[in-house]
Amino acid sequence: AVRGAWRRGSPLAFYTLAAAAMWACSLGPSPTFMNVPVIYKAPYAWLMYLPGMEGVRVPARFWVLATLCLSMAAALGAIHVMRRWPRTRTALPAAACVLLLVEGWPQPIGLPALPAERPIHAPAAARLELPLSPERDSTALYRATRHRRPVINGYSGYFAPHYWLLWHLLERRDRDVLTRLASLGAVEVVIDHQQDSDRRWRRLVGRHEGATAVHEAADYTAYRVGALERVGVPKLHGVLLPIHAARASVNEAALAGITDDDRITRWHTQGPQSPANELTVDLGQVRRASAVETEIGGYILDFPRELTVETSVDGTQWEQVWSGRTALTTFSAALEYPLDVPLRFPFESRQARYVRLRQTGRDDTFYWSISRLRVFGEP
């Protein structure tokens, strides 16, 4: 009976599928398992493109709707069972009531111990507590209610676009990310000793040229990274050059996504990044080019791990005009332009008809994506 009802598209099928959909949305835009992303572009990430959805702070509340759907599915399933086996009409509701009472019986709630207070030790615009992770960021936010200084890694139901880039850079011990943060104002960095038994975080911050240790206690050390010269996303000059054609090493069917001026559509590598990934655009004729801009929009972790930009007049002889890692470039772009996240690569103006982007790094999880590509130069 249940199988037949499912085939006919009954309310039972609807509520069961709806419960699964609400559960998937409750995981948020970037679900992780042990700090490792497990679902690429989860369903909640699609909803964020709808007007107003970017302001919803707690995706986990979708589980309330999942619970409602599960309740309806359970009730409908019980009806089908009792119709198929009439003798269960008394026992099944009674058993369900007993189970509901047992499951919902009040239990003492174990509350975690309050974190030790860590007051302000130096003037700064914001505080960064290390190590950074979603599990420990709630503690950083709680302490902020006492010291009342803005925190860079506080907890919320929504992760800002730059958050995972900040985590990516810190996990790779990139001191330049501290330089980038300090360009927005002085930063107080507090390192938890219990999570830093090998002192790697203290070495990372302590060796930064702008850092000064301002306090050391038994359980934490505080540093101040003084305000540094402003470092932002470069401004591009010149006119937008038309792109007449494009080709790629993979997924050429999606190349229309880089020129349709839509941040949702994109070209991507259809799989994890490898040094074989490349994309070439044809300007139609020889022009003077001076910069390339690629946007990744909401595909925030799909930045190229290492990128080389080359130009050519004839498509045979190529000249390298930019090369390097792009994580810090992407982090800066996410801070200033969180919707588009433009990666800008200016270079000395030169004659070119073709511009080639080669992704030369590796990533075992994330694709290389481009939602919009622009070439700038002279008319």
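Strands β11 (residues 306-312) and β12 (residues 319-325) run antiparallel and are joined by six bridges; two strands pair if DSSP finds at least two bridges between them, and strands themselves are DSSP runs (E, at least two residues), just as helices are runs of H or I with at least four, both numbered from the N terminus. Within this pair, Thr311 has Glu319 of β12 as its bridge partner.

A word on the model itself. It is a predicted one, in which local features need pLDDT of at least 70 and side-chain atom pairs count only at pLDDT 80 or more, while totals for chains, interfaces and linings use all residues. Residues are numbered from 1 along each chain as its sequence is written, and side-chain values use heavy atoms, with hydrogens and water left out.

Next comes an open sheet. Four strands line up in the order β3-β4-β6-β5, with mixed pairing. β3 (126-130) and β5 (211-216) sit at the edges with a single partner strand each, so one side of each has no neighbour in the sheet. On average, neighbouring strands here are turned by 25° against each other, direction ignored. For β5, the pairing with β6 (residues 220-225) is antiparallel and covers five bridges; there, Glu216 has Thr221 in β6 as its bridge partner.

On the helical side, α7 (residues 163-171) and α10 (residues 327-336) have axes that come within 9 Å and cross at roughly 150°; axes are lines fitted to C-alpha atoms, for helices over the stretch in contact, and angles run from 0 to 180 degrees between N-to-C directions. That makes α7 roughly antiparallel to α10, a label for angles over 145 degrees. Leu165, Leu166, His168 and Leu169 of α7 meet Ala327, Leu328, Thr330, Phe331 and Ala334 of α10, contact being heavy atoms within 4.5 Å. The residues of this contact split into seven nonpolar, two polar and no charged, where Ala, Val, Leu, Ile, Met, Phe, Trp, Tyr, Cys and Pro count as nonpolar, Asp, Glu, Lys and Arg as charged, and the others, Gly among them, as polar.

Finally, there is Ser290, which has its place in strand β10 (residues 277-295). Its relative accessibility is 16%, so Ser290 counts as buried (under 20% relative accessible area, with a 1.4 Å probe and protein chains only). Leaving aside neighbours within four places in sequence, Ser290 is in contact with His237, Pro346, Phe347, Ser349, Phe376 and Gly377.

Terms used
Angles under 35 degrees count as roughly parallel, over 145 as roughly antiparallel, 65 to 115 as roughly perpendicular and the rest as oblique. Buried means under 20% relative accessible area, exposed over 50%, partly exposed in between (1.4 Å probe, protein chains only).
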